[in-house]
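Please keep the sequence and the model open alongside it.

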Amino acid sequence: MSDALYDLTLVVPCYNEADNIPLFYKTATECFEQAGVGIEIVFVNDGSQDGTAQLLRRVVESARGKHAVQAIDFSRNFGKESALYAGMQAARGNNICLIDADMQQTPHDALRMYRLLMENADVDCVAACQVDRKEGFVLKLFKRAFYRTFNGMADDISIPANVSDFRVFRRPVRDALLALPERERFSKGLFAWIGFNTLEIPYEAEQRAAGTSKWSFRKLFRYAATGIFGFTTWPLKIAVWLGSICAVAAVIYLLSVLAEYLLYGTNAPGYPTLACLILLFGGLQLAVLGVIGEYLGRDYIENKRRPIYLAKEHLDSTKE
């Protein structure tokens, strides 16, 4: 039997979302109260610098005796993945929902996903996939290329195109995710790796209630690299193939030079050929060392076993 206290826990990572939190809190509590679903909300302040921490304290105080609200305040910015991990650790619901505070993913969509989960006993997770991304052409192209690359390289798993972190899932799924202790986390890959029956549904993201996206192209690129290096060793295999191809090409070139010299007395080209070969093989060696360095660096970070996050304050409206 589960010892969970609520039907559903909403895990809400927050980074400079002070303008969105009041609307999200009001909408979520009203939406689920009208549906007769008992919820708690776990806000995780990921090192915000806009007064989010102070606002969450007021939200927790105002919720006492009315709603179950937790607020976890990180000591600094650890990233969205760490915020999701912290929220899942604190969750006391039979089911968990990962949802953003900016109202692009609405509580009404979360309720629809929760009902789908409850209506399908054989489904462990309901995942939302965006049907129409309101993004620039270059970003869309980059994301499409990422999914194709990841699914072509990843070992034994695949990620549906345009799947988001917006999900509702049962507590055993949450327990499986928390059992994976890596610090360099990539939730889409982790959900695929643990398995469980997942129902994918289309949804259309709303406009942000306030503010702008915190994801820059550089951050997205780093996040994509975390996914690639975290779930496949194909970059190392590519390095091996490149080395093998270059070695074969070098042997063929050597044989052709010897043949020309023996048959026609042609001398091998001198300095230009040597310079090109040195630059070619030097560049390939540096590229291969870079790939190896990425894996070694990530292994070095993981082996330090530092905590995924540090919290300086944890407030709970249900406790004194």
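## Burial and overall make-up

Of the 320 residues of the protein chain, 45% count as buried, where buried means under 20% relative accessible area, exposed means over 50%, and partly exposed lies in between (1.4 Å probe, protein chains only). The chain exposes about 17,200 Å², and 59% of that area is supplied by carbon and sulfur atoms; accessible areas come from the Shrake-Rupley method with a 1.4 Å probe, and for residues only the protein chains shown count as cover.

This is a predicted model, in which local features need pLDDT of at least 70 and side-chain atom pairs count only at pLDDT 80 or more, while totals for chains, interfaces and linings use all residues. Residues are numbered from 1 along each chain as its sequence is written, and side-chain values use heavy atoms, with hydrogens and water left out.

## Secondary structure and contacts

The protein chain has 10 helices and 8 strands. These are DSSP runs numbered from the N terminus: helices are H or I with at least four residues, strands are E with at least two. Among contacts with a separation of 6 or more, 82% come from residues 24 or more positions apart; contact means heavy atoms within 4.5 Å.

## Helix 2

Helix 2 (residues 52-63) has 12 residues and reaches 16 Å from its first C-alpha to its last, close to the expected 16 Å. The expected span is 1.5 Å times one less than the number of residues. Its buried residues are T52, A53, L55, L56, V59, V60 and A63. Seen down the axis of helix 2, these residues fall within an arc of 160°, so they line one face of the helix; the arc is that of the directions from the helix axis to the C-beta atoms.

The cover over the buried residues of helix 2 includes strand 1 (6-14), helix 1 (21-35), strand 2 (39-45), strand 3 (68-74) and strand 8 (311-316). Just after helix 2, G65 takes a positive phi of about 80°.

## Helix 4

The 13 residues of helix 4 (residues 107-119) should span 18 Å, and its end C-alpha atoms are 18 Å apart. P107, D109, A110, L111, M113, Y114 and L117 are its buried residues. They pack against strand 1, helix 1, strand 4 (93-98), strand 5 (125-130), strand 6 (163-170) and strand 7 (198-203).

## Nonpolar cores

A nonpolar core is a set of buried Ala, Val, Leu, Ile, Met, Phe, Trp, Tyr and Cys residues joined through side-chain atoms within 4.5 Å. The largest has 39 residues, of which L8, L10, V12, F24, F32, I41 and F43 touch the most other members. Helix 1 gives the largest share of this core, 6 residues. Another core, of 27 residues, lies apart from it and has I72, F74, A83 and L98 among its members.

Leaving aside neighbours within four places in sequence, L10 is in contact with F24, A28, F32, I39, E40, I41, V42, C97 and I99.

## Cysteines

A search of the whole structure finds 0 disulfides, a disulfide being a pair of cysteine sulfur atoms within 2.5 Å. C97 is buried, with a relative accessible area of 0%, and C129 is buried at 13%.

R298 is found in helix 10 (residues 271-303) and counts as buried at 19% relative accessibility. Beyond its neighbours within four places in sequence, R298 is in contact with E184, A225, T226 and F229. The C-alpha atoms of R298 and F229 are separated by 8.6 Å, although the two are 69 residues apart along the chain.

K304 sits in the loop between helix 10 and strand 8 and is partly exposed, at 34% relative accessibility. K304 and R183 are 121 residues apart along the chain, with their C-alpha atoms separated by 9.9 Å.
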